[in-house]
Amino acid sequence: MNTPCPLDNIRVVLSHTSHPGNIGAVARAMKTMGLHSLYLINPKCFPDAEADARAANAIDILQQANVCVELDKALENTVLTAAVTARPRELSHAIFDARQGAMELVQQARLQPVALLFGRENSGLTAAEVNKCQIIIHIPANPQYPSLNLASAVQVMAYELRMAITENPTRPAVSGVPANFNELELLYAHLEQLMTASSFLDPQKPKLLMQRIRRLFARARLEKEEVQILRGILTALGKRW
């Protein structure tokens, strides 16, 4: 029985891409390193002839691309999502460089789907998008000119992912089954609902409470069983309101 390649479990997710040529260039960058799962969130122009032209012999990646209306759909059933961003964040998740981040993703991708999330060409990822991720990946670059175009950033990460597999070919020991995106989002919604009902959270003045909670659980890397325990506690407590 052949062991699935971790690259088959890695999604490249592009959010609100403006230029179709960039989508084609990303497809080419992916295929050169063995990635094939492309998700597009509300691209401005797709499908498009310019995307096909820039993809060269990677048109099959474009033909199989999943176009989504919202980020949650693109991240369904993933157990780890990395936000690729160079912008400093007020409340940051754990930050990895490209090499370290690739190793984190590959470790999980040996067993379950994971995702790399890239933002808009002109403004990058929003705070809300980063909040849906568990880690941040920063690609080290010239501090005087750290700007990478979208396809270049994808190419760097695709290379690091391939090298992570080459340098660490064995399957890691697993202590438990990680919770996936869907399960975590239900936990956050359940917790927010209960905090609101108990007046701990004022929905009119939420401040950064949910963002801090997401960061807390992102560091914990919750397992399925742990989420079930927390949901059970919340359900029991919720009977009081």
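Guide: A salt bridge is a side-chain nitrogen of Lys or Arg within 4 Å of a carboxyl oxygen of Asp or Glu. This is a predicted model, in which local features need pLDDT of at least 70 and side-chain atom pairs count only at pLDDT 80 or more, while totals for chains, interfaces and linings use all residues. Residues are numbered from 1 along each chain as its sequence is written, and side-chain values use heavy atoms, with hydrogens and water left out.

Visitor: How many salt bridges does the structure hold?

Guide: The structure holds nine salt bridges, and Asp72, Lys132, Glu185 and Arg214 are linked in a network of them.

Visitor: How far apart are the closest N and O atoms of Asp72 and Lys132?

Guide: In the salt bridge between Asp72 and Lys132, the closest N and O atoms are 3.2 Å apart. Asp72 lies in helix H4 (residues 71-74) and Lys132 in the loop between helix H6 (127-131) and strand E7 (135-138), so this pair ties together parts that are 60 residues apart in sequence. Helices (H or I, at least four residues) and strands (E, at least two) are DSSP runs, numbered from the N terminus.

Visitor: And what about Lys132 with Glu185, where do those two lie?

Guide: Lys132 also forms a salt bridge with Glu185, with the closest N and O atoms 2.9 Å apart. Lys132 is in the loop between H6 and E7, whereas Glu185 is in helix H8 (residues 181-197), so the pair ties together parts that are 53 residues apart in sequence.

Visitor: Are Lys132 and Glu185 buried or exposed?

Guide: Both Lys132 and Glu185 are buried, where buried means under 20% relative accessible area, exposed over 50%, and partly exposed in between (1.4 Å probe, protein chains only). Lys132 has a relative accessibility of 17%, while Asp72 is partly exposed at 27%.

Visitor: New topic: which residues form the aromatic pair?

Guide: The structure holds one aromatic pair. Tyr188 and Phe217 form this pair, which is tilted, with 6.2 Å centre to centre and 40° between the planes. Rings of Phe, Tyr and Trp (its six-membered ring) pair if their centres lie within 6.5 Å, and planes under 30 degrees apart count as stacked, over 60 as edge-to-face and the rest as tilted.

Visitor: Where in the chain are Tyr188 and Phe217?

Guide: Tyr188 is in helix H8 and Phe217 in helix H9 (residues 209-220), and the pair links distant parts of the chain, 29 residues apart. Tyr188 is buried, with a relative accessible area of 6%, and Phe217 counts as buried at 15% relative accessibility.
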